Structure formats: structure tokens, C-alpha cells
Amino acid sequence: MFPMDKIRTFSIIAHIDHGKSTLADRFLERAGNKKAKNIEQYLDQMDLERERGITIKSHPVSLDIDGFRFNIIDTPGHVDFSYEVSRALASCEGALLVVDATQGVEAQTLAHAYKAIENDLEIIPVINKIDLPAADPDRVKQEIEDLIGIDTSDAILVSAKMGWGIDELIEAIKERIPAPSGDTEKPLRALIFDSKYDNYRGVIIYVRVFDGVIRKGMKIKLMATGSEYEVNELGIFRPEMVQTDELGPGEVGWVAATIKNIRDAQVGDTVTSAQNPASEPIPGFRKVKPMVFAGLYPVESEDFEKLRDALQKLALNDAALFFQPENSPALGPGFRCGFLGLLHMEIVRERLEREFDLELVITTPNVIYRITKKNGEVIEAHSPADFPDPAEIELIEEPYVRGEIIVPNDYVGPVMQLAHNRRGIMVHMEYPSENRVHLTFDLPYSEIILDFFDQLKSVSRGFASFDYDFLGYRPADVVKVEILVNGKPVDALSFVAPKDYATRRAREVLLRLKKVIPRQLFEIALQAKVGGRIVARENIRPLKKDVLAKCYGGDVSRKKKLLQKQKEGKKRMKKFGRISIPQEAFLEVLKVDSGGNKD
Amino acid sequence: MRLSLYIHIPFCRYKCAYCDFVSYPLLKEDIEKQYVDRLLEEIDWWHQALPDATLYTAYIGGGTPSALPLSLLEKIVLKVRKWGGPVEFTVEANPEDISRDWLSHIISMGINRVSVGVQTLSDELLSAWNRKHTAKDSIRAIEYLASSGINFNVDMIYPTYLPYGISMSFRRDIKTIVAMKPNHMSVYMMDIHEGTLAHALIRGGKWGPVEEDILYEDMVWLYNFMGDMGYHHYEISNFALSGYESKHNIVYWYQDFYVGVGVSAWGFVNFVRYENVPTIKDYLQGSIQRKHEVVKGKDLLTEYGLMALRLIGEGISRFRWERLGGDWSILISRAIDMECVQITDDRLFVKDSPECIMLSNSVIEEMLEPWL
């Protein structure tokens, strides 16, 4: 057991590219970890994380520096995983708030910093990249004070790249971040802040011990589910997993206890002793709840079982992934899947296609609508197909978020216009520094799930940053828009839209579908229907000319190869009778280009 | 065994803007001589390898075979005739090379068919395409051909792209030529290949596409007009007076065997398809075949389908399809709802209507998908 007064547990909060990993590298070097040229090679273990430059899982590491034990708990870097972020922060006593001296505070930094404050963490402001000529630490300090409201008089100025200010920072961590307070004699209480599935050892849980001691061979109990297990192995992260005999108060490590199902070891749950259980769990536990739903369908219906197996395998390591079979009249058998957000959805789709070699059609993602019927019954609509007849509906509610946007002054106009088009209501506006504006909007979640961030980047030339938090449900004046292809409704293309904009969006959707659906041998009629009325219509002209002039000697083998290649490309199209609809079509539906103007 | 022979002459006086064939400028006579010597050796080699084969048709294509000195052309023709036959012996020619004298020479050698590359009767287009002859040369050449009594084909191109400022003369051209009664006509829509001058000009914004509707209307007009004038539209791009369909082309489309000799020539012999080396340097140094594959099973079936469906009103024969291992009922089931496919007891073909012919690619793809 490591002496508690020498333990410092903290997280590093930073916007992408503000220098988190370089700083972590410096700590690793100071701990004498010569192998660790680049901490990222340990930390970002998934290919997808590396490719996208974001962290999805928590990656803890315990480093021994000057007789102290630094537990650094890395946090997921995307709003889809904000609950995981909050649990990771709940496992810490402090946080380093790293801000790029040339850039200033960004929206994501803000969101994480607010969470750290909520968790009562000691925050050390760290101004990084002070070696750069454009560094302006005083302006950045001012921004931190204005936006986050913490004192920056003792902010540490560093250059992680050059190694400047690292000693000072290490001293500040020792002095300012509190040592954990815990009691080895009390019943065990350890917080699960992440977990992963290992083929040999079952679920491995990542824990922070608050009270008591967890030992090898001990019988433990997970308080939310009540299930009990025996600890087979435990240890700490160096960052690779190293075995130890026990973990005491303030320690951060891993535990393997042949837990078969990742859903039995949920993030936020409390581990206690089965013999001598704690009376109260660590507060803040919440069951993972998917926020976005979409249909996943195999392009070839016979791949349905393969998709089921793949989803089951992925779910072993992903407690947030929900799926249940559904049958679409248009797409055949598939699954309605629940995700934490769009990024989570994208990750799952990519893994299914890459690791399991599946060709998938993914339908328009939607939020969960809460519908109160005239007879008083309340239902949750996970897909437009769940919408009851309009005559039976008393009230529809949809989830709202509070969005924080930080943007240079010059782009305030377009950003406000964009938020307005997405039914955003401005609740706050402030100027943290002369040239930057902090805007706060309440927005329907449905308006931001698909392309809001892309649009925001495009209207601000990439300068705006954005983050959000859930507010809860608010009444929504929305209707279901059905899309018909050659007179037949295609459920997978249906969507929900605000009543005032429904016709306009229906027209836009049809125009976009017209662009992505290739011309075929016959005319294709696209129609949009709201409440029994056709509100928009587009025709895709049939192909007129598709003829190959010459076919002599070697042409036939070239032609054959070309056709074979085309056939491969077509695999990503879903066939409705003879009509081929490419996969992109299903995602085109949710993109919004106008929106603001009522019909 | 019945066999056809294709002979490639890769020399040209100039390179047409749209051309992506292998061709070399006519520079040194000794290179041509060496090339022809190698051709003769290759023909000999095949003759010895296939002693029982009888020559059915022969075709000298290019390039510009008419640009070869007559003495060299004669060497080739004599070599072919030594093998025996052929019943149809075609040579390709450019209009500016066709004189009464030249014609009487090749006829006396034993050539009985000429394919003349007229392409267009617009002098503006000819010059934009970098062709060094005029419409007048073409008319004169066709007059000579017609009066000589030899079988001849006129090659025409439909410009799918036009240089800005130049207008289309297509319908007028076709009428003018048909009035001179060639017994065979080929009309190809211009394909744009990467690496050609045409491709660069399109990318550079000098040429623009002809609107699809105009192209479509012109093709509908062409198919109807040729029919009215008594021509049999027997393959997508080919029209012939009855009995004058190109025997050599039909060899390709029926999967009959043919030997190809010369640079970049293809051949199909005993179900082996081979391709010769693409550069004259390699060819002269004696390395000839670049690659070959055995075409069998599903590939043989698919290729049959691909070519047969291009034959208008003829299409896939049930007998042959089944002999090649194809399932007739699956094929028939693909045709349900396809307006452009017609089925009889023993055949399945693309309907002889301009609309359907214009879509033949998509129709063929749709029909043959399970076998691709």
C-alpha cells in the first residue's frame, strides 16, 4: 500500500492539440520510464483513437516521482463520453487545466473545467507553449479568470515541448493538490471509472479506492447490481498493467474478478467487500443511457446473424451499446441500436465494417422523443416508426442541450444565424477577451446530432469550439415526415422535423436524395408526406444514354473487369425492388441547410 | 479449326486527338521493314503451331495500314494468302491514302474489303481532331471505293464533346455518306480516354460536352434513318446492307478463335486469350506475348453474355448459354420487369428500339449481375 500522504491523483484537462500528451511524456520521463518515448503509444491503444486523434477510453497511469505517486487519469475527449469524464474526474483530487498560450480557452476545456469544479477538484492552471513567439500568457490568464472563474495568479507557465517549467509544475502538484483522505479500516469503497473486456480474464475494471483495501482473493460486491465476485488479480498501470497484492485508499489500479458481462461492472458503480459491505455507495452513479438511435441493417439480408454476433462481441467491451432486432419493411431484418452520440455511432459502425467485414446501411439517427398520448399513456419513440397517429398525440417532448460556443468576434454573426436556424435560444453572451465571444445557447439535441459541428466550423473558418451538456426534455412542435420512393414509403428515410420547417426540410431532403441516388433505367419519383398530405416531390430522370461504343478483341475482358468493379461498388447500395439507394442517402436526410425560414 | 487473323500496323502520320491506340509516327523506313519482318515471322509461327487451322477472315488494322508502302503491305498480304483463304480480307485506310491506283493494287493483291476512317465531314472538326485530310478527300475516297466495286465500310464518329464554337454536322454527314451507298457503316460515340489530347482539351475547358438530350435525339434519328435506308442494325455501333455484315467482327462477338499479331494485338485461340507487348521496341527485340489467360467456366459464360447482348435482335442463345453452363431460368428471371429485354423460346435479347439500345450497358449489367 502506498502511503496516502504521498499520493496525488489528477486529470489533465486540455483541448485537442493544446499539449496534453507532450506534458504526459515529460511526467513519464521524470518517472524514469525510458522506454516511453511517446506516451501516446501506450495511451491511445485503439486504431480508431489514433486515427481520429481523440481519446475514447480512460487511460490511467501511475508514476513515481520524487517519492510521490502521481496517478494521472486521462479523460475521454468527446462529449459523447461526458459521463465517463465525470466519473474519471470524480476519481481525482485535482486537475491540471492546460491551455495553449497562443490559443486561449476553448469550449471543450470549458466543459471539462466546469465538471472539475463541480467535483470540487483543486485546479492548477497551466499555460503551455510559452516558447512560441505568439504566446500571450497574460491574455490567456485573463480568459481563464473570466470564463472559468478561477484565480490564475499562481498559474504555472510551461513549455512541455522544451521542458520549461516542468519542475515547478511538479512542485505545484505536490503542494497544491490534496492527498487523498481515506480510512483503511473502513469497509471497502472503490469507484469504477472505466472497464474493458479481456478474452482471458473477463472484465477488467479500473478503480479508484476511497476507503478500505482491496486484496487478491477477496470477495467483492458491486453495489448497483448486487453481484459478487472473487478478485483473481489486481494491480496498477505503469502504464502497462502490473500486478500488485493490494490497493489501498487513494490508489488507482485495475481489478480482474472473472466478471463475465461488462454490463455487470458499470462505470460509476461502487466496489465494496462482500463480507463487510459499505452502507452507502459513492454518489453519482447513473445507468448508461443511449441518447441517439439508428437502424443498422446488413446490405445482404443473409448477413443478419453475422451482424448479431458482431454486435454481441462489440457489446462485451462497450457497455453503452444497445441493440435490439427490428424489422424494416424497406430494409429487411436489422437492429435498432442506441448510442451515446454520433461519434459513438460512427465508431461502432467503423468497427463493425473493419473488424467484422460487414457491409452496413445505417439509417438516419434520431433522438428519443417522449410522447404523451391523449389517453394519458407516455411512450418513448426511438424511431420515427414509433410515432403514433397524429390524432392520438397530446404532447411531444424532445431533449435539449446547453451548448457553449467560443468564437472570434468576427464570426459571431454567422454563428448566431446558424444557432438560430437550428432552433437555438441564446441564453448568454460574454466577451472573455477583446476578440473572443462566449455564446451559450439552449438547442434541441436533434438539431446538433448530425452536422452542426461541421457547419459551425465552416461558418467560423474552423475557429469556433463547441461543447454541450444535457438539460432535459422540453415540449416540441414536431411532425413525422415520410419519404416515398415510387409511391412506396421507405421507413428508413423517414424523419422528424419541426412543424414550421417540415415542408421546407422535406423539399431539401428530396433535392439531396436526388443528388445521391444515381439515375437508373426508369424514372424514380420521390415524395415527402406529412400527416397524409404530399408536401414535396422530385423526379429522378431515367438514364438516357449508357452505351459502350466498341467491343472488340481485348475490350471484352476490360469490360468484364469494369463491370465486376462496379458490382463491388454497388454492394454499398441497398436495393428496393429494382431501385438502388446508396448508403449516403440515409444520412443525407438529417443534414439541414436552411431551416430558419418558416414556410 | 476455323481461324481469323488480325494484323496490327502501329504506324500513323499523325495522332488523332481522341486516339488511345498504340501508334508510332512514320519515321524511318527501316523500322517499318523490321516490323513487317517480325509480323511475318509471327504469322509463320502461328501457322506452324496450328497446321490444321483454315483462315476464315483477316483484318489489317491500325494505326494507319494505308500509310505503309505498298511493297510492305504486299508482303503481309502474300504471307496471309499463303496460309490460305481468307473469304473476307479487310484493310483499314485513311481517306487521303485512297487513290484509284492504290485501290487497284490492293485488289490485285487479294484484299476484298476496305474500312475507311471518314469520322466526320466537318473540316473544322477534322482539323480540331488533328486529322490531316478534308471532307473533300473523304468524298473522293468513297467515290473511288464505290466505283471500284470493292466491299467497304465507312467509320464515323459521333462527337460526344465539341470544341467551343464548332457546331455539329452529324445528321447531314450521315445523309451525305449513305447517299453514296457504302454496304457497311460503323458509328461510334467518341470515348474520351485519359492521356489523349481530347482529354486534356476537355479538362482545359476548350471542349464541352454535347448535351445528353441532343446526343440522344441524334442517336434515335440515326437508328431510325439507317433502318429506313435499308441497313441492318446488327450490333450497337454497326450497320450493314443485308449480307454485308462484317464476318470478321462477328468472329469476335461469337467467341470464335482468332490470332492477333503485332504490337498490342489481342488473340483468342483454344480458349486462351493473350495480349502482345505494347511497345514496338520490345516487339522488335522478339518478346511478343505479354500475358495470357485461359478463359473458361463462368468467365466464358459472362463474356459470351456481354458480347451476345450487344447483337441487336440476336442476343443470347439458350442452347449456347446452357452449353456454357448457364442457368436459363435465372437469366429469364432477371428479365422480368425489364422493358428493354425481349424473350423468345430460345433467345433473349435487347429490344431493337433506340431507347433500349441507348441503355444497353445498364441492361447488360443488370442482366448479367449474378455472373459477374
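Reader: So two residues are in contact if their C-beta atoms, placed from the backbone, lie within 7 Å. What share of the contacts in chain B with a separation of 6 or more joins residues 24 or more positions apart?
Author: Those residues account for 71%. A note before we go on: this is a predicted model, where local features need pLDDT of at least 70 and side-chain atom pairs count only at 80 or more, while totals for chains, interfaces and linings use all residues. Residues are numbered from 1 along each chain as written, and chains are lettered from A and ligands numbered from 1 in the order written.

Reader: Got it! How many helices and strands does chain B have?
Author: Chain B has 15 helices and 19 strands (DSSP runs numbered from the N terminus: H or I of at least four residues, E of at least two).

Reader: And how much of chain B is buried?
Author: Of its 372 residues, 42% are buried (20 or more other C-beta atoms within 10 Å of a residue's own; 12 or fewer is exposed, in between partly exposed; C-beta atoms are placed from the backbone).

Reader: Switching to chain A, what order do the strands of the open sheet come in?
Author: The 8 strands run β11-β10-β16-β7-β8-β15-β12-β13, with antiparallel pairing (at least two DSSP bridges per pair).

Reader: Which strands are at the edges?
Author: On one side it is β11 (228–230), and on the other β13 (241–243), both of chain A; each of them pairs on one side only.

Reader: How many bridges join β7 to β8 in chain A?
Author: There are 9, between residues 189–198 of β7 and residues 202–211 of β8. Within that pair, A:Tyr197 faces A:Val203 in β8(A).

Reader: New topic: which residues touch the most others in the largest nonpolar core?
Author: A:Ala95, A:Leu97, A:Val126 and A:Ile214 do, in a core of 166 residues (buried Ala, Val, Leu, Ile, Met, Phe, Trp, Tyr and Cys joined through C-beta atoms within 7 Å). The largest share, 7 residues, comes from β8(A). A second, separate core of 91 residues includes B:Phe11, B:Ile106, B:Ile111 and B:Ile312.

Reader: What does A:Ala95 contact?
Author: Beyond neighbours within four places in sequence, A:Ala95 meets A:Phe10, A:Ser11, A:Ile13, A:Leu89, A:Ala116, A:Leu121 and A:Ile123.

Reader: Last one: how do α4 and α5 of chain A cross?
Author: Helix α4 (82–90) and helix α5 (107–118) have axes that come within 9 Å and cross at roughly 45 degrees (lines fitted to C-alpha atoms over the stretch in contact, with angles from 0 to 180 degrees between N-to-C directions). On α4(A) the contact uses A:Val85, A:Ser86 and A:Leu89, and on α5(A) it uses A:His112, A:Lys115 and A:Ala116.
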